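Take a look at the protein below. This report walks through some of its helix contacts and a handful of its residues.

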Amino acid sequence: MKPERKKRSPRAEHFLDSPDRQAQEIDRLKQENERLREQLAEQAKRIADLERQLALRQQNSTTTSKPPSSDGLASRQRARGRRVKSRRRAGGQPGHPGHHRPLVPIERVNTIVDLVPNACRQCEHPLHARHGIGEPRRHQVTELPPIEAHVTEYRCHRRQCPACGTMTLAPLPDELASQFGPQLTALIAYLTVVCRMPRLVVQRLLEGVLQIPMSLGSTQKAWEEASAAVAAPYEALQQALAHQPVLNGDETGHRTNGAKRWLWTLVAPTFVFYTIATSRGADVLRGLLGATFAGVLGSDRLPTYLTYAAGRRQFCWSHFRRNLLSAQELAKTVSAKRFCREALALQRHLFRVWHRFRGDPHVRGAPLTRAQLIAHVLPIERRFFSLAERYVNAPDADVSNLARALFVHHPHFFTFVHEEGVEPTNNVAERALRTAVQWRKIMFGTRSPDGELAVARLLTVTRTCQLQQINVLAYLSAAICCYRRRQPATSLLLKRLTP
């Protein structure tokens, strides 16, 4: 039985019978189709943008230049420790050498107490000095003495001259003009800068532990006096920047009374220098280093360092590796992922050779000389250049930018292979900047240009003393004494690396 054929409506019959109506309907459908295509393409682009934004937001410090403290609890956590759980028990392993607190030298011992047994611990037979065997067992107990401030009262007497009647008052020594001694003033600066304690906490510590009543204004005055005391050593370090063979630089944001500032650090072989500027541009480098820098300048690939005229450069491989990991996470094509994998493999090979040159005990192979390092790195350098040349016009924007940076600035990535004292990374500047960032987060920035200068001076001096293994508190105390006596403080340029 044939199926019943559906009858067309008169309107449809009339429409199909009219060629003009058919053409109009076809044009309408084409326009609607084109509109839907544009809408679909726009939505696809929007989805791709949102996916990229989400991927960028989920990145952590291992794939970006963000500090580890910015990872937070909501973002994806970075891989830490072993991926496979070890079967070893927690604690020291068999054969591991033990560590213990060494005894203080005998000349530093304040009191010696001899404990002598009078009777045998088993049969209670009396024991005398003639029964002694060997040297006594030494056990030292370290304790703080009763902590209290040492207050000295100076009485300035007056005398009247019998000849002319002039009244003369005995003057105070210059270093005692303040109500607080140099060591206490230096301690306030030390607690604030090195220990990164807020002034209110410093005030409570002095009142609760040392029984020294002090206002917040007094702690501020001590901070300002310490800053003035180290002004000359700070300026000497600034003048020595342009003559250093190697410098590593980095910068981070800062706030002064809510206004945007930039905190810069430049790390030399023997000292660390800080400054706070209103700009992140190359004018800051020109003001510190001059129009050109004759040494090797290590940094990331920020345009500021590219526009500054430096004789030689060393770009940071840690930054480049993080860029590769980020591009690998965001890559959508097989070609882009292949570029990232090959570049990361070459980077790992490069650093294995570098660690052999440094004599790292965890790397297989005998240590390399400088000539052997150059011979091992030369084929790696050629493979990097060939890889960058193949992908310099890649469709993926991230891959193309990285390949172009490696292709254009190729020599600046391998300066460390040929120059003594140059590191392949900028980690030394980042570690120096971390101290300033921690201080900034605790203190919430500064409030005036004088505060900016004080922060830069005290950070420079304290970090340089730590680098040169100088007691920071002793140096600050001596500098404050010299300042009150109107004498120059000890320069921090005395310890230099021999060329």
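In helix α11, F384, F385, A388 and E389 meet A403, L406 and F407 of helix α12. By class, this contact between α11 and α12 has 6 nonpolar residues, no polar ones and 1 charged one. Helix α11 covers residues 370-390 and helix α12 covers residues 397-408. They pack at an angle of about 135 degrees, and their axes are 8 Å apart. That angle makes α11 oblique to α12. The crossing of α11 past α12 is left-handed.

Now step back to the whole chain. The model is predicted. The protein has 499 residues, and 36% of them count as buried. Its secondary structure comes to 16 helices and 7 strands. Take the contacts between residues at least 6 apart in sequence: 59% of these join residues at least 24 apart.

### Two helices against α5

Helix α4 (residues 199-208) packs with helix α5 (residues 216-229) at about 105 degrees, with the axes 9 Å apart. The two are therefore roughly perpendicular to each other. On the α4 side, R199, L200 and Q203 make the contact. On the α5 side, they meet L216, T219, Q220 and W223. These residues divide into 3 nonpolar, 3 polar and 1 charged.

Helix α3 (residues 182-193) also crosses α5, at roughly 90 degrees, and the axes come within 8 Å. That makes α3 roughly perpendicular to α5. From α3 come T185, I188, A189, T192 and V193. They meet T219, A222, W223, E225 and A226 in α5. This contact has 6 nonpolar, 3 polar and 1 charged residues.

| Helix pair | Angle | Axes |
|---|---|---|
| α11 and α12 | about 135 degrees | 8 Å apart |
| α4 and α5 | about 105 degrees | 9 Å apart |
| α3 and α5 | roughly 90 degrees | within 8 Å |

Is R484 buried or exposed? R484 is buried, because its relative accessible area is 6%, and buried means under 20%. This residue is found in helix α16, which covers residues 472-484. Leaving out residues up to four places away in sequence, R484 touches D174, E175, S178, F180, G181, P182, T185 and E225. With one of them, T185, there is a polar contact: the two side chains are joined at 3.2 Å.

### L324 in α9

L324 lies in helix α9 (residues 317-330). Its relative accessible area is 0%, so L324 is buried. Which residues does L324 touch, not counting those up to four places away in sequence? They are F339, C340, A343, L344 and L402. A343 is 19 residues from L324 along the chain, and their C-alpha atoms are separated by 7.6 Å.

H254 is found in strand β3 (residues 246-256). With 1% relative accessibility, H254 counts as buried. Residues that H254 touches include W262, L263, I276, W439, R440 and T446.

K441 has its place in helix α14 (residues 427-443). At 44% relative accessible area, K441 is partly exposed. How far apart are K441 and H254 in sequence and in space? They are 187 residues apart in sequence and 9.6 Å apart in space, C-alpha to C-alpha.

### Two positive phi angles

Most residues other than glycine have a negative phi. F444 has a positive phi of about 60 degrees, although it is not a glycine. Q469 is not a glycine either, and its phi is positive at about 60 degrees.

Where do these two residues sit? F444 is in the loop between α14 and α15. Q469 lies in the loop between α15 and α16. F444 is exposed, with a relative accessible area of 71%. Q469 counts as exposed at 75% relative accessibility.

Definitions and conventions:
Residues numbered from 1 in each chain as written. Predicted model: local features only at pLDDT ≥ 70, side-chain atom pairs only at ≥ 80, totals over all residues. Heavy atoms only, no water. Axes fitted to C-alpha atoms, helices over the stretch in contact; angles between N-to-C directions. Helix = DSSP H or I, 4+ residues; strand = E, 2+ residues; numbered from the N terminus. Parallel < 35°, antiparallel > 145°, perpendicular 65-115°, else oblique. Left-handed = near helix turned anticlockwise from the far one by under 90°. Contact = heavy atoms within 4.5 Å. Nonpolar A, V, L, I, M, F, W, Y, C, P; charged D, E, K, R; others polar. Buried < 20%, exposed > 50% of the residue type's maximum accessible area, 1.4 Å probe, protein only. Polar contact = N/O pair within 3.5 Å; in protein donor to acceptor, adjacent residues only side chain to side chain.
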